[in-house]
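I'm jotting down what I looked up, one topic at a time.

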Amino acid sequence: MQAWRVHRNGEPNEVMRLEATDRPTPGDGQVLLKVLAANINFPDALLCRGQYQVRPPLPFTPGVEICGETPDGRRVLATPALPNGGFAEYVVADEVALLPAPEALGDAEAAALHIGYQTGWFGLHRRARLQAGETLLVHAAAGGVGSAAVQLGKAAGAEVIGVVGGPEKAKTAHELGCDLVIDRRTEDMVAAVKEFTGGRGADVVYDPVGGDAYAKSVKCVAFEGRVIVVGFASGGIPTPALNHALVKNYSIVGLHWGLYNTKDPAAVRACHEELTALAAQGVIKPLISERVALDGAAAAVQRVADGTSIGRIVVLPGGAR
């Protein structure tokens, strides 16, 4: 089969190589899956760079989530077992963790439903307890993780402020349904949030960016607001001033969604049922900006790494779907 492999750490377009290799062999409790679609996530770039919290042995294949087909013909969502990730024609995955692909979504959309939307749902509902009528501020609102949070926030009845970089991404955020879109490159985010909320600030901040985004967020978070720390796509890991959190009376809440797979797998399945229902209602649908063939995966991962992509880019080993 064909698979992308990383033999040394570095930038994705420099270290990913498309090679012929043997199909992975399932171990106990695992199943071989044909990859129908593999969604690109920012952690795939971190894996290539050797900067992710998990460091598989070299060589490895990146690709942390797929829509695949079981030997008996079922469409499923899976997180492949590294070092044999999803940018390949076949993967193995733990059978107990397989989730049925929603019938309402095609292969590409289904591949992008799992990690980003689960992270959004757990962040907004389990960690932040977002309520209808509250104001939700979403950073990188036109990106894969951010666009999922925007859709889930609107589904929960929140007013959503989307922060983006550039006019093209601002257009996307408007189309996603943001009530206010702020271009961080040309606008004062703090002033805009305070004006929109009548001086109160955002009740919930969804931050997959870190760095300057976090620093500005805590300047415009509401009384009893919640800042959800999802990731650090900017590369800057903030050092929270806890005296500031005390004085303004807000919460800083961490979210590592992957822990739920081991700590509370029943909650992951319950969340998937909720997401499947929302997809069937047409309330959520992953934003797919590009569908690329297998040979285009390295360049696509680099675009995600560089922050130039909109929504999700999905790799389709068997052709466009």
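I started with Leu77, which stands opposite Leu99 in β7. Two bridges join β5 (residues 75–78) to strand β7 (residues 99–100), and the two run antiparallel. For the record, strands are DSSP runs of E, at least two residues, numbered from the N terminus, and two strands pair if DSSP finds at least two bridges between them.

Before going on, I noted that this is a predicted model: local features need pLDDT of at least 70, side-chain atom pairs count only at pLDDT 80 or more, and totals for chains, interfaces and linings use all residues. Residues are numbered from 1 along each chain as its sequence is written, and side-chain values use heavy atoms, with hydrogens and water left out.

Next I checked the other partner of β5: strand β4 (residues 65–69) pairs with β5 in the antiparallel sense over four bridges. Glu69 has Arg75 in β5 as its bridge partner. The two strands make a hairpin with five residues between them, and Gly73 in the turn has a positive phi of about 90 degrees.

**Cysteines**

How many disulfides (cysteine sulfur atoms within 2.5 Å) does a search of the whole structure find? I got zero. For Cys271, the nearest cysteine sulfur is that of Cys67, 17 Å away. Cys271 is buried too, with a relative accessible area of 1%.

Note on methods:
A disulfide is a pair of cysteine sulfur atoms within 2.5 Å. Buried means under 20% relative accessible area, exposed over 50%, partly exposed in between (1.4 Å probe, protein chains only).
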